[in-house]
Each structure stands twice: as structure tokens, then as C-alpha cells.
Amino acid sequence: MKFLTYIVRRIAFSVFSLIGLSILVFTLSRILPGDPARMAAGPRAPEWVVEQIRAQLNLDKPIYIQYFLWVKDVFRGDLGYSLVTRRSVTFDVFEFLPATLELILLSTIIFIIGSIVLGAIAGRWAYKLPDNVVRAFAYIGVSTPAFVWAIIFQLIFAWWLGWFPTQGSFSEGIIQPPKITGFKLMDSLISGNLIAFKDYLWHMILPSLALAMSPIAQNARIIRMGMVENSGKDFIALAESHGLPDRLIMLKYLFKPSVIPAVTVMGMSIAALLSNAFLVELVFNWPGFSRYAVNAMLNKDLNAIVASVLVIGIVYAVANLIVDVIVAYLDPRIRYMERGE
Amino acid sequence: MPPLLKVNDLYVSFRTYKGILKVLDGVNLHINEGERIGLIGESGCGKTTTMKAILRILAPNAVNVKGRIIYKGSKDIMNMSRKELMMLRRNSISMIFQDPTAALNPVFKIGEQMMDIIKYSKVYEGRRMTKKELKDESLRLLKEVKLPDPERVFDSYPFQLSGGMRQRVVIAMALASAHELLIADEPTTNLDVTIQDQILKLINEVVEKRKLSVILISHALGAVKNMTNRTYVMYAGNIIEMADSHKLFDNPLHPYTQGLIESVPKLTGGGIGKGIKGRIPDYLNPPSGCRFAPRCDFVESTCRKRKPPWIEVDRNHYVACWLYAKR
Amino acid sequence: MNKLKLRITNLTRKRSSLETRKSSPRRESLKRAWFNFRKSPLSLVGLGISVFCIIVAVFAPYIAPYPEHAGYYINFDEAYQPPNWKHPFGTDAYGRDVLSRVFFGFRFSLMMAGVVLSLVVPPGVILGLIAGYFRGTWLDMLIMRIADVFIAVPPLVLALAICSVLEPNVFNAMMAVSLMWWPWYARLVYNTVSSIRNEYYVIAAELLGVTKTHIMFKEILPNCLGPILTKLTLDVGYVILIGASLSFVGLGAQPPTPDLGTMVSEGAKYLPNYWWVTIFPALAIAFIILGFNLLGDGIRDIFASER
């Protein structure tokens, strides 16, 4: 029962934050200098056309009414009309978001496995060579922005070594799978097009890896610290004193308390992946949502901008929520002690 | 009949970033089957380290571990193979830890931890137990340590239990894998005074019932006097005195022991003792010679130069002190 | 006259080892902090890198080999040179010396970090103090709920969003980053203050009738300095990161301003043939962030060991 209350409270909090976010972005977008109606119509359109467009976009009404109307539209699934792509923003979102989500998914898998493995190695051989190597890598990984990794990887592995493609998400001449779910990985599997699946994956590896570097570094450090600290603790000595096999202790009794503090940070890392995806997508020309959003921002495509921020906010909030729930599930102290706050 | 356990010249040091702490400086003690011995000394003198060395569960930064720990007159624990060591830990010797809060893994339920311990203590009996059998056995042990609602405890996390309950759980766990020797490392020090008595009584009961040998470490000197046959006194990594318990407490010989026993306030009056001046030595640079010399009221020049020998002063009453070497 | 002479001789006479000039507890703790800091080689490396970058940034116009390349400069004869003795980092498409531009890039990044942090830290800390001190009241709720909204969104996204509705230039970029940065300090201070707010020395001060301002600033604030200072140092790196990311996308500094992010994005077009145009600025970004991260870790360790 306590668990359920916790989840409900977290969801309520996320919704509240999203509302605040939407208000913020919406207000900002309507305050900017420049005339959105004029921009939509084009510099040579006559004044009455601009007036019509202004009415259409509800720009003549007071701002809170505009917001209200906009919210109504959002719930209907209508995010407005993009000036750049000249079609419904909702359509654009469904077109581009899956590619970004797939990228983030692969990055998440890479960094979770990577940080656990590296953290465990560093913890097991603490203060010796493997540990020092991992820690050195961790410092560099944390300090290097994702797009720097992206450029370096692109240069070395794509251009110089030619092991991976340098741009885009698919190679010329590969038949693309039909759009069933919108997620190319799944679509290619569903339609049995394994060649397209492998090709897509091959294109995904470098960007995902670049995105995963920073989180791997950060979380490996935390896991390593957890393992080193917990190894000397009494509850491990107790487990050893009762003759529990080493493997059991390492994989179960040492693992769980060491990883739990990392899970919170992993959650934040996943959220950070979203923002960093922007930059990496630009470097690799990946047809994802971030690229779309950046274009919208550079072109002052109002609807697209607001929608982008909202979508990203939602994905961020959902990701955080899932992570919080997982953490609460893993660490019983959190869900029982929430009240004490 | 050889002693159940005999520790011979045990040396243990720890590596810290400040340097090497030379904690155990040649510890010698033994316990016979069916015996209960006490081990007293102030915090930090190496009692827990000695016990952990017996089970070979020292912290990862332990170095320079030397000496022999002979089990049942034949096997040296320090040289045991992995398999033999596991058998020892699972079936023969077990330990009750000082701080029950730290001794229980905070993110696992009690039941989970207990079942694993039981599983690995009985698996060598040749059969594997089903989950139900493991749970039943766990509940039986929890009942044995007088926990009022074993089912609920089984399903709880450590932080949901009180200190006294946690210690009972640790004792229950120890019972799962102790069939010959039970090491009780300050089982009551971290508990409320009202609970301490109960826990000691409980330990007494289970030990009687299962005919276990016991090493009792405690600051509750009265309990040690009453519950043990023989008592060792330890200071700064050395055993400095040993005698039958009543004799030791009634007639302490080593200056340190005298100060220790004197500091306990007595109901019969006489006020509080004057304590012992000074502090335990710095293990980074321990004093050569007798480690107690800097604090001793009776110190002589030999004390600072050479470690005192182990001298039998009376029947089964030994001291490590130059004061008694003249005879 | 005699009094003056006495003073001077007192100041300059040799002091015995037992005597010190001002052995106040504060000085002692500073000395200890430095000693602890010195022990960790990584922190020293961090300090070294940070100081190096700051010096380069401050003296860029004097130590850069070609300071005029930092702005408008075109010389197509010199363009596209790979790293050589005249141009250790090579030249870019306009013939500009990449090394000099990187130096000015440090200058630019640190300036941005400095401006943003000086704008953000005082209000953030004060708001956090107030919210934490008056914990549980409407003031607390108000401040923290607003802060939570900002924290709920990934920083980069928010920065991008704000920048996107404004003219793309440095000033707006700094404003945008500042606007969404203060809540982190507020929350940090809030958490620290909440935990020490009910300590005895605070309650004692209240009972004595000391004014709330005094309590907040003289009693509580000094105990928050550790986390604030740590975060501040780490944030220098983080702000530089966000700033570089913004300009990389095109929303921050515009060419020909020598901003590291802009340089990377401009140079990315010339991969892989003229790789030095983009790689060196990219490495420079990593370098300066690494320095401040190591330094920040070192500072955090000092405060952790103090306890």
C-alpha cells in the first residue's frame, strides 16, 4: 500500500512540473520580439493575410486564453502546425521521436552494462591496476562532453578506420522496412528484414557509444566506491562467516547495496542522455527528434519549439518516474521512510 | 585431549593510507571442548580482529597475517583449503557480531538472508532443501531466540526491527551454522541496558542446550565473570593475563587488569576507581617492549626494552609482566 | 614615536616556533585543508590545469601568437595548414591560427562561466537560505516549488528552449543559462540548511534574540560553504559545457567569435581532411572541464575529510 502511494505522489509531482514547464515555455514563446504571424505568412504577403493568420493562430487573444486553447489542443493531440516542415507537428513528432528513443535505448543498455562491469572490476581489484585504469577513464569520461566524444569517435572509427558509417541511419541501397510501429528496429524485425536491422544497428553503434561515455564514467565511479565501501562492512563479514560461497556474496549481497546508490544517478544519466542526444545527433546527422527540435529553434518555428520542449519534458518526466519507482522497489528504506521527510 | 581451538603467535597488521597498523602482536590463546572462555580488554585492543582472523574474515586491507590457528589439534585454519574453510564456517564455528545493525544486509529481508545461511549450512549434509523447508527451519530458529512474531520478522527488513530484535536474529543465524564453537563478540554492547540481560540469558540458554563452546567478548565484566570458566585479558594486540574467571576477577595480577577491574563501580561501595592514565598506543609506531609500559605505574627499564614472557604465577593463572619474572 | 618603533620591532622580530601571529581556528583549518589537498595528486593536477586555463584566458591577448586571428581575419593563403611549427594547431578555413583562437576560446568560456555564476549564485543561495530557514511555511513552498519546476527539466533542453525564442547571441545565451541555473543552488543550500536548521547553536542564537538575518548569514551560511564551493567549481566546467553545446548548435556565440563550441561546429564540416580545425577545440573543451572537475573533486574531499 505504501508503495502505491509513493507512485501516485511521484506521478502527481511530475504532472505538476510539466504544467509549470509548459506555462514557462509557452509564455516565453509568445513574448519574443518579432511577429510570428508575419513570419508564418512570409515577408511578401499582404497585411490582410497576416491578419487572418494571426486570428488563426489565436495571437490576438489574451495570453492566458491562448494558453488554455493550446492546452485544449494538446489534449486533442493537436500540437499545431510547423512552419518549417509545413505539416502537423504531431505528425513530425511521431516521425522523428522514435529514432531518438531508439538511440537512447541502446545508449542506456550500453551504459548500464558498461558501468556495472567497470565498477565491479574496479571494486574487486581496488587500488590495483584495473582500478586505476578505470578511475582514470572515469575522470576523462565525465569531463568530456558527449559531442566531443562523438567527433572523436567519428574521426577515428568512421573516417580513419572505416569500421562504422560516418553519417545517417541507413546505407544506400538497403530496403527500408515499412512503418508499422515507427521504431525502425522493431519494424525491420517484424517484417523479417534482417539486413535492414543489422544495417540500422551498425549505424546506431557509434552515436550510442558516444552518448554512453559520460554516464558510464560517472556510474562506474559510484559503483566502484559502493563496492569498496561495502566490502569491509560487517554484513559482508557475516555472510562470509557463515560460509556463503564467494560468487553468491559478490553477485547478490555485495552487488545490491553497491548498485542502489548508483541507480538514482543512473536515472539522472538517462535524463541527461536526452539532452546530449541533441548534440550527438547533429554530429552524426541522425534523423532524430533532437535534430528536428534544433531546426525548429533556429528557424523560430514556434509551435514546433513549444511542442518539442513539451515532448522532451514528458519523456524526461516519464524516465525519471520509472527510475524512481525502480529505486524505491530496490531499496525498501526509501518507500517506507518517505513519510519522514 | 587437544584443545578445540588453539591460536599460536598470531600477528595481523592493516594497511591504511596513513601507514601500516601493527595490531596483533603475537596472540596466544586456546579453548577446550565444552569450555566457555571470556576475552576482555578495552575497545581497539584487537579482540574482534583476533576473532575475525579465526574465521578468516578479516577486512580486505589486512596484511602480514602470520601464525597458526589449530583446530581440533590437527588442522591449521590458516592453511586450510577453500573447501575445508567453507565447511568450518558452515558447520563448526559461528560468530555473533557486535553491532547487529551493521551485521545485517540492509536491502534484503531477514527471511532471505536466513534461508541462504541455512541452505549453505546444511547443503553438505548431502541433500538440498526446498524453499518451504528452508523457511520452516528459519522460523524454528527465530522462535528459538524468543522472537515474539517470527513470521513477521521473517518478512521484515532490518531497519524495521528494534536493536534487540536484530541481535536475536543474528544469534539465530549463528545457531544455523554453529555446532561446535560460538564466538560472541560484544553481543550486548550496542543494546539498551534493559535488553542486555535478556540477550545474555538467551545466549546462555542456547549454548547450554546445544552444548557449544563459547568465546565471550564483553565489556560487561560481571557477565563475563559469571558466565565463563576462564578469562583472557587483552591489551594492544597482546594477551597479558589469563586465569579461571573467578580467580581473575578476585585477584588480578597485571597492572592493567587491576586498573580495569577497579574502574567498575561496585554496589558494595568504595566509589569509582581512578581509571588508567594514558591511551592505547599508536599502532603505527607501537612501543618496543611491553606495549603497556607507557601507562604502567610499575614500569621498569626492562619493560621498555623487551616483551615480557608468559609466566605462570599460580595454578592456571598466567601473566605477561616483568613484575612477576623475578620469582 | 617610541610606540611606533615598538610596533615595528614587534612585527619584524623573529618568532619562536611556539608563537604564531594569528593562530585563529580559521587559519588552522585553512592550513589543514591545504595540507589535505596537497596529498591528492589528482586534485593538484586539477588545480594546475584550472590555473593554467585561467592564466591563458586572462592573458590571451598577450600570449597568443596571433591575437588578431580571434576576430575578423581572412587570409586564404594561409588556410588549411596542418599542425606545423608556425601554427601548432594548424589553421582553419579562413587562415586563422587555431591555437590562438583556442586561447581566446578559453577566455570566452571562462568569462561566460564567471558571469553566469556571479549572477546565479548569490540569489540562489539567498533564496535557498530563506526557504530552508523558514522551512514548512508558505515561503518555503513557494520558492521550492518554483525551483522544482526548473529542476524537473534537463538543463540543456531548457537552455535551448529559452535561447530559441530569443536572438541567438552570447548575451541571451548567458541570460538563458542563468535563469535556469539558480534553482540548483537554491535546492543545494535548502537541503543543507534544513539539516542544520534545528541544531542547537541555531536555536540558542534564536533564543538569545539574535536577528534572523544575522543567524542566516553568520551562523548557518558558513556551514554551507563546503557544498556551495564544491558545486561552484564543478559548475564552472558544467557551464562551459552548456555554453559550448549551445554555440555548437548555433544558438549561442556566433562566428567569428572565438567560442570553443562554435569552433567545433564550424570545423566539423571539414572532417576528416582538415581534422585539426575541429579536434583541437574539442580537446580544449575536454581539457578545461577536466581541470575544473578534478579541482572540484579535490575541494569536495577537503570538506569531507574535515568532518
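Chain C has eleven helices and zero strands, where helices are DSSP runs of H or I with at least four residues and strands are runs of E with at least two, numbered from the N terminus. This is a predicted model, in which local features need pLDDT of at least 70, side-chain atom pairs count only at pLDDT 80 or more, and totals for chains, interfaces and linings use all residues. Residues are numbered from 1 along each chain as its sequence is written, while chains are lettered from A and ligands numbered from 1 in the order in which they are written.

Q: What makes the crossing of H4(C) and H7(C) right-handed?
A: A crossing is right-handed if the near helix is turned clockwise from the far one by less than a right angle, and left-handed if anticlockwise. Helix H4 (residues 98–133) of chain C and helix H7 (residues 170–196) of chain C pack at about 35 degrees, with axes 6 Å apart; axes are lines fitted to C-alpha atoms over the stretch in contact, and angles run from 0 to 180 degrees between N-to-C directions. H4(C) therefore passes H7(C) in a right-handed crossing.

Q: How many residues does each chain bring to the contact of chain A with chain C?
A: Chain A gives 39 residues and chain C gives 36, two residues being in contact if their C-beta atoms, placed from the backbone, lie within 7 Å.

Q: What share of chain C is buried?
A: Of its 307 residues, 45% are buried, that is, with 20 or more other C-beta atoms within 10 Å of their own.

How values were computed: A residue is buried if 20 or more other C-beta atoms lie within 10 Å of its own, exposed if 12 or fewer, and partly exposed in between; C-beta atoms are placed from the backbone.
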